[in-house]
Amino acid sequence: MKPLKHIVLSLFVGLFIFVAAAQADAQEPYTVAILPFDTNSKLDMDDLGKEFPLLLNAYMSASGNLAFVERGEIDKALDETALGISGTVDPATAAQIGYLTGAQILVTGRIFPVQKDLFIVAKIIGVETGRVYGETAKIPLQGDVDQAAQALAEKVSGSIEAKGDTLIAKIKAKEDVVASLKSVVKGKDLPTVSVAIEEESLGRDLVDPAAQSEITFILHQLGFTVIDPAESNVRADIEISGEAFSEFGMRKGSLVSSKGRVEIKAVDTKTGELVSVGRHVAVAVDLSREIAGKAAISKAAANLASALVTDIVP
């Protein structure tokens with residue numbers, strides 16, 4: 001018979017492995033911002049447009065897979081984007097609001113009467129993918145708004161969890177990005193390139209060139225000759241420059257989200273012609289703020305790689 005301490009140790013190790021496996025399989029929460037709902041001003045429902053999202057937020061908070069942006073951060077983002085409480089958010093403005101709030105998914109909508117009924121239509125927008133889904137609740141014109149909020153919260157939460165893969169951009173491995181671009185460079189006389197992307201983690205004294213590393217790796221694997229301007233006097237045919245920064249988004253439990261933005265341009269050094277320009281915003285979630293920030297920047301940089309390579313290949 002094993003000594004008691006060996007049995008306890010075995011149980012502890014088994015429990016640790018079980019918990020670690022459960023954490024690995026657990027779905028990271030989606031970060032959600034619920035914006036004001038547009039209303040029919042003729043019926044003086046402006047207050048309802050502001051209050052209904054609070055009810056929706058309260059009932060959706062029951063879901064363990066959703067983390068919500070605080071109302072103060074939402075109001076600040078709406079002020080900065082000059083949207084106020086209009087509710088007129090489309091995929092074009094969603095990326096900006098998503099970056100300002102750290103949200104991956106936006107929920108907004110309209111409240112309007114049709115004859116004797118009040119319709120509440122929610123619009124679910126994927127910040128990174130631009131995908132849009134809708135859910136609707138209906139009550140009598142003088143009905144219970146709280147009941148409508150409960151019903152719509154269940155529908156919206158279910159829709160986000162069921163369609164999350166299409167609302168959130170998948171993070172491609174570097175190798176997958178390289179594989180997808182092989183046909184673009186095959187048989188081509190590739191220019192020499194240099195990459196210099198300044199990077200900053202707002203609020204942290206952290207130097208970690210994730211965007212530069214990501215793009216350099218992809219170009220090198222595709223067969224480009226990458227010249228380091230700090231180590232060589234030779235000027236590359238194409239100079240790629242830009243800036244990237246990450247910023248804390250929000251925290252839920254032990255998980256944090258970070259927002260990352262990357263802007264790049266590529267210039268033909270012989271002609272001075274701007275041959276490529278792009279920018280991308282991404283959000284990532286991790287246990288560490290620093291790792292989440294690096295992941296968000298890497299995600300944005302990888303997203304820019306396809307267009308960049310296509311533009312600079314003759």
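Colleague: Leaving aside neighbours within four places in sequence, which residues is serine 157 in contact with?

Modeller: This is a predicted model, so everything here is computed from its atoms. Serine 157 is in contact with Met60 and Leu66, once neighbours within four places in sequence are set aside. A contact needs heavy atoms within 4.5 Å. Serine 157 itself is found in helix 5, residues 145–167.

Colleague: Why is serine 157 called buried?

Modeller: Its relative accessible area is 9%, and buried means under 20%, so serine 157 is buried.

Colleague: And what does helix 5 lie across?

Modeller: Helix 5 lies across strand 1 (30–39), strand 2, strand 3, strand 4 and strand 5. With strand 5 the angle is about 165 degrees.

Colleague: What is the strand order of the open sheet?

Modeller: The order is 2-1-3-4-5, with 5 strands and mixed pairing. The twist averages 30 degrees from one strand to the next.

Colleague: What makes strand 2 and strand 5 the edge strands?

Modeller: Strand 2 (66–68) and strand 5 each pair on one side only, and this is what puts them at the edges.

Colleague: Why is strand 3 described as mostly covered?

Modeller: Of its 10 residues, 7 are buried. For the chain, 41% of the 314 residues count as buried.

Colleague: Is glutamine 115 buried or exposed?

Modeller: The relative accessibility of glutamine 115 is 77%. Exposed means over 50%, so glutamine 115 is exposed.

Colleague: On to charges: how many salt bridges does the structure hold?

Modeller: It holds 3 salt bridges. Side chains of opposite charge can pair when their charged atoms come close.

Colleague: What makes lysine 138 and aspartate 117 a salt bridge?

Modeller: Their closest N and O atoms are 4.0 Å apart, and the cut-off is within 4 Å, so the pair counts as a salt bridge. Lysine 138 lies in strand 5 (residues 132–140) and aspartate 117 in strand 4 (residues 117–126), so the pair ties together parts that are 21 residues apart in sequence.

Colleague: Why is lysine 138 exposed, and aspartate 117 partly exposed?

Modeller: Lysine 138 has 52%, and the exposed class starts over 50%. Aspartate 117 has 24%, which falls between the 20% and 50% limits.

Colleague: What are the N to O distances for glutamate 239 and arginine 235, and for glutamate 263 and arginine 261?

Modeller: Glutamate 239 and arginine 235 meet at 2.9 Å. For glutamate 263 and arginine 261 the distance is 2.7 Å. In this last pair, arginine 261 is buried at 17%, while glutamate 263 is partly exposed at 26%.

Colleague: How do you know that the span of helix 7 agrees with expectation?

Modeller: The 12 residues of helix 7 (residues 210–221) should span 16 Å at 1.5 Å a residue, and the end C-alpha atoms are 16 Å apart.

Colleague: Why do the buried residues of helix 7 line one face?

Modeller: The buried residues are Ala210, Ala211, Glu214, Ile215, Ile218 and Leu219. Seen down the axis, they fall within an arc of 160 degrees, so they line one face of helix 7. An α-helix has 3.6 residues a turn, so residues three or four places apart point the same way. Just after helix 7, glycine 223 takes a positive phi of about 105 degrees.

Key: Residues are numbered from 1 along each chain as its sequence is written. This is a predicted model: local features need pLDDT of at least 70, side-chain atom pairs count only at pLDDT 80 or more; totals for chains, interfaces and linings use all residues. Side-chain values use heavy atoms; hydrogens and water are left out. A salt bridge is a side-chain nitrogen of Lys or Arg within 4 Å of a carboxyl oxygen of Asp or Glu. Helices (H or I, at least four residues) and strands (E, at least two) are DSSP runs, numbered from the N terminus. Buried means under 20% relative accessible area, exposed over 50%, partly exposed in between (1.4 Å probe, protein chains only). The expected span of a helix is 1.5 Å times one less than its number of residues. The arc is that of the directions from the helix axis to the C-beta atoms. Two strands pair if DSSP finds at least two bridges between them. Axes are lines fitted to C-alpha atoms, for helices over the stretch in contact, and angles run from 0 to 180 degrees between N-to-C directions.
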